[in-house]
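Please read it with the structure open beside the text.

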Number of protein chains: 2
Amino acid sequence: MKIDGKAYRTIWPSADGRAVEVIDQTRLPHRFEVLTLHDVEDAARAIERMVVRGAPLIGATAAYGMALAMRADASDAALAAAYERLFGTRPTAVNLRWALDDLRALLRPLPVAARADAAWRRAGEIADEDVEVCRRIGEHGLAVFREVFERKGQGPLRVLTHCNAGWLATVDWGTALAPIYMAHDAGLSVEVWVDETRPRNQGAALTAWELGRHGVPHRVIADNVGGHLMQHGLVDLCIVGTDRTTAQGDVCNKIGTYLKALAAKANGVPFYVALPHTTIDWTVRDGVREIPIEERDAREVTHIQGLDAAGEVVEVRLTPEGSDAANYAFDVTPANLVTGLITDRGVCSASAEGLGTLFPDRAVAS
Amino acid sequence: MKIDGKAYRTIWPSADGRAVEVIDQTRLPHRFEVLTLHDVEDAARAIERMVVRGAPLIGATAAYGMALAMRADASDAALAAAYERLFGTRPTAVNLRWALDDLRALLRPLPVAARADAAWRRAGEIADEDVEVCRRIGEHGLAVFREVFERKGQGPLRVLTHCNAGWLATVDWGTALAPIYMAHDAGLSVEVWVDETRPRNQGAALTAWELGRHGVPHRVIADNVGGHLMQHGLVDLCIVGTDRTTAQGDVCNKIGTYLKALAAKANGVPFYVALPHTTIDWTVRDGVREIPIEERDAREVTHIQGLDAAGEVVEVRLTPEGSDAANYAFDVTPANLVTGLITDRGVCSASAEGLGTLFPDRAVAS
């Protein structure tokens, strides 16, 4: 998407084709800085330090990391070492493993001399494929937006989103934000309510930043506000991403998503979830019972980072000394609260039947 | 309640009886400081600057402010000037007007020489009456807690609360927190989930502080977390305060209360609201339609205050430059989401009928 008029991806090969450049997301929203990754160690650290985040972008970065490793040393030993180094960065990310397995399977049978170019090409393809998947989500979502817009009869379309499922989490377009960008670019008047998304504030820091740079009207709100807005007809639809979607259409997404889905249901506001089909976990049915929820460091709740009066990014403590905090990172929104799933293959109801219409080969009995 | 073993109120006469002392709540949770109010101007500024906050405490401070004014000059002109000065501090607070009217009605007919002592006595009575009202709320709430505890069959009783309806908002005990203190003091095992309550963080800053100082086990959570906790049986009951309760039992409380009430309803968790009967607005029925919701400065969302590494309280910016924010301060929880109202007169259902049983003189037809 655009940053103040200039088109960017979140990751791209450097001009000389010897390195990879990424937007340093640890500096957002207060600094826009591009970081150059020269070797596999740079790529691994970028993933570990969350310079890049979001499952699709992590996958693309890992693929480029393998390519950078092959440029330096394309031996079997180097291939194995690069795989291990990158795999260890964030072991639970599905796309990370998928991208690494893809590259390894491609490279192993090749002669050593051919590996670097093949890896580089394939990394580029993985990035392009992600852009295409998100573009399709955006197009299917845009059709949904147009429907809601027509029912409403006039603009602006007021959309509420939670966390960051934007282009910063992918290579371009994003998932939940893709239809928003497409609607905006198509001249449909869209205004976005951005949940700040405590405790890590991905909404206030990343979603607000990327919407602002592309020129999409938006307002940041505390996570407490969505219910009131929906109660008063100030939200026309909600759209969020998902980290994991079950075979019956439950969605596991950033903590707080469930509360907004409850408010949407109670107030008749459509609640959509946008996802690449790769987030569907066909082995899980009941998300609330089966998906373990990650508990993260309490410090993410007790402390927060921001820009001080001197223009420095500093961390401050919010809670009294001696007060402990709990930090559950995700929650599960049951399928019955979800109006529809917007995938790269089309839109379906959040149910085994619905998913069956788009993925007949994977469908499970309801 | 206790601060590290020593009993405090939020406001009390100084040892020499010539001034009033208050806990400076603008410094919490990072500093515990007591401020001395020497005259009516000090009292007015304390209310304006939110050194004291919470409707009952504002009322008590205003009463003491009138007493301080009478000590300096008990003339009719001084009485009128003190009333005006104090009334202008936070014009919308119901208890402020009530306390000022009470004092003025008492003092006007008295000889000038008798006014200072009478005002001082009456201010003390107002403070004591508030303590008694909160104590009764606590006792009625404790009976509710015992019931839930017995149904559960074992401890701890896990209670979720939102914002600060604690003793810091009143003179002592608090409203929603009064039953928690009574349960804790009675040896009932209670653990409190404290919503941080963005954007002003009254939960993380005030509720966590006062629970911690009194020794009540608690954990701070992001406002996003309560739904997940309730979905997984980790909350036995919710209890919150209310700024305004309608004649049919709707409650207007800090923004985000509604979302927690929705989650409680969806998961069969009892949701109680604690209130002094003075917060009931008998002229309002439908809270969602009739109560105007205050929009506050966007800066409360875009910026936050905390303790930096050097031990200084500083403000930092959270959002990107150019991103606007919306800041709705309250929301309305419809009566059908409320399990019961815990008042100083007893517990009733959140309905015109329920309120009619406790307040037969004020009851309105349903």
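In this predicted model, Pro13(A) has Val20(A) of β4(A) as its bridge partner.

- β3(A) pairs with β4(A), the strand of residues 20-23, in the antiparallel sense, and the pairing runs over 3 bridges.
- These strands belong to an open sheet of 3 strands in chain A, which has the order β3-β4-β5 and antiparallel pairing.
- Its edge strands are β3 (11-13) and β5 (34-37) of chain A, each of which pairs on one side only.
- On average, and with direction ignored, neighbouring strands of this sheet are turned by 25° against each other.
- Helix α2 of chain A, residues 55-72, packs on the sheet and touches β3, β4 and β5 of chain A, with its direction at about 25° to that of β3(A).

**The two chains**
- Chain B is superposed on chain A by a rotation of 180° with 0.0 Å of shift along the axis, at an RMSD of 0.0 Å, and that is the relation of a two-fold axis.
- Because 100% of the interface residues of chain B are also interface residues in chain A, the copies meet through the same surface.

**The cysteines**
- With a disulfide counted as a pair of cysteine sulfur atoms within 2.5 Å, the count over all chains comes to 0 disulfides.
- Cys163(A) is in no disulfide, and the nearest cysteine sulfur, that of Cys252(A), is 12 Å away; Cys163(A) is buried, with a relative accessible area of 8%.
- The sulfur of Cys348(B) lies 17 Å from the closest cysteine sulfur, in Cys134(B), which is too far for a bond, and Cys348(B) counts as buried at 6% relative accessibility.

How values were computed
Residues numbered from 1 in each chain as written. Chains lettered and ligands numbered in written order. Predicted model: local features only at pLDDT ≥ 70, side-chain atom pairs only at ≥ 80, totals over all residues. Heavy atoms only, no water. Pairing = 2+ DSSP bridges. Helix = DSSP H or I, 4+ residues; strand = E, 2+ residues; numbered from the N terminus. Axes fitted to C-alpha atoms, helices over the stretch in contact; angles between N-to-C directions. Contact = heavy atoms within 4.5 Å. Least-squares fit on C-alpha atoms with pLDDT ≥ 70 in both. Buried < 20%, exposed > 50% of the residue type's maximum accessible area, 1.4 Å probe, protein only.
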